[in-house]
Amino acid sequence: MRQQRIWKQPWKLLTVGLFAVLLLLGSTQVPAEAEEAEGRVMYVTATAYSALDPGNSPYTATGTRVRHGVIAVDPSVIPLGTHVFIPDYGEAVAEDIGWGIQGAMIDVAFDTHEEALMFGRQELEIYIMD
């Protein structure tokens, strides 16, 4: 009877299986560059952008310039002004919002369009610093 319930809700089976795989792979290790970072861990889908991308403004929603060190967020999930640490990117501040940013998603700002293209789309573990 219990197995039938799990099969009727395949997302539960997938969640349990994914958790088991992550445990086997040792995914609980913190990246070396983030060992000094203290804060709450959050898993997000990250995309990249720059002020030089077609259709983008050079200014953020808070009035600052789009530059390396800025992220766009859903302010109901990560409030504007929040400091975060992103492995392989560094420290950033939530200064922008975007029409496509909903839930656990962020847009990571770069200085050039080429850098943004190289970053692409990634699933990341970030650290909320405050």
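**Strands, pocket and ring pairs in a predicted model**

Strand S2, which covers residues 70–73, pairs with S5 in the antiparallel sense, over 3 bridges. Within this pairing, Ala-72 has Asp-107 of S5 as its bridge partner.

For orientation, the protein has 130 residues, of which 35% count as buried. Its secondary structure comes to 3 helices and 6 strands. Read from the N terminus on, the elements follow the order α-α-β-β-β-β-β-α-β.

Strand S5 also pairs with S1, here in the parallel sense and over 6 bridges. Thr-45 has Met-105 as its bridge partner in S5, and Tyr-49 stands opposite Ala-109 of S5. Strand S1 has a further pairing, with S6, which is antiparallel and runs over 8 bridges. In that pairing, Thr-47 is found opposite Arg-121 of S6. A reader tracing these strands may keep in mind that side chains in a regular strand alternate between the two faces of the sheet.

How well covered are these strands? S1 is mostly covered, with 8 of its 11 residues buried. For S5, 5 of the 6 residues are buried, so this strand is largely enclosed by the rest of the structure.

The next feature is the empty space in the model. Rolling a probe the size of a water molecule over the atoms shows where empty space is left. The largest pocket has a volume of about 310 Å³. It is lined by 18 residues, and those closest to its centre are Tyr-49, Asn-56, Gly-98, Trp-99 and Asp-107.

Strands S1 (40–50) and S5 (105–110) each supply at least two residues of the lining of the largest pocket. Which element gives the most to this lining? That is S1, with 3 residues. Sorted by class, the lining holds 10 nonpolar, 5 polar and 3 charged residues.

A pair of aromatic rings is described by the distance of the centres and the angle of the planes. Searching the whole structure gives 3 aromatic pairs. In one of them, the ring centres of Phe-85 and Tyr-127 are 6.3 Å apart and the planes meet at 50°, so the pair is tilted. Phe-85 belongs to strand S3 (residues 83–86) and Tyr-127 to strand S6 (residues 121–128), so the pair ties together parts that are 42 residues apart in sequence. Both partners are covered: Phe-85 is buried at a relative accessible area of 13%, and Tyr-127 is buried at 3% relative accessibility.

Another tilted aromatic pair is formed by Phe-110 and Phe-119, at 5.4 Å centre to centre and with 45° between the planes. Phe-110 counts as buried because its relative accessibility is 10%, under the 20% limit. Phe-119 is buried as well, with a relative accessible area of 14%. Ring pairs also bring in Tyr-89, which is linked with Phe-110 and Phe-119 into a cluster.

Finally, two aspartates in loops make a friendly contrast. Is Asp-53 buried or exposed? Asp-53, in the loop between S1 and S2, is buried, with a relative accessible area of 12%. Its C-alpha atom is separated by 9.7 Å from that of Leu-117, a residue 64 positions away along the chain.

Asp-88, by contrast, counts as exposed, at 75% relative accessibility. Asp-88 has its place in the loop between S3 and strand S4 (90–96). What sets its backbone apart is a positive phi of about 65°, although Asp-88 is not a glycine. Most residues other than glycine have a negative phi.

Notes:
Residues are numbered from 1 along each chain as its sequence is written. This is a predicted model: local features need pLDDT of at least 70, side-chain atom pairs count only at pLDDT 80 or more; totals for chains, interfaces and linings use all residues. Side-chain values use heavy atoms; hydrogens and water are left out. On a 1 Å grid over the protein atoms alone, a cavity is a set of points where a 1.4 Å probe fits but cannot get out, and a pocket is an open set with protein on both sides within 12 Å along at least five of seven lines; lining residues have an atom within 4 Å of a point. Grid points are joined across faces, edges and corners, and a volume is the space filled by probe spheres set on the points. Helices (H or I, at least four residues) and strands (E, at least two) are DSSP runs, numbered from the N terminus. Ala, Val, Leu, Ile, Met, Phe, Trp, Tyr, Cys and Pro count as nonpolar, Asp, Glu, Lys and Arg as charged, and the others, Gly among them, as polar. Rings of Phe, Tyr and Trp (its six-membered ring) pair if their centres lie within 6.5 Å; planes under 30 degrees apart count as stacked, over 60 as edge-to-face and the rest as tilted. Buried means under 20% relative accessible area, exposed over 50%, partly exposed in between (1.4 Å probe, protein chains only). Two strands pair if DSSP finds at least two bridges between them.
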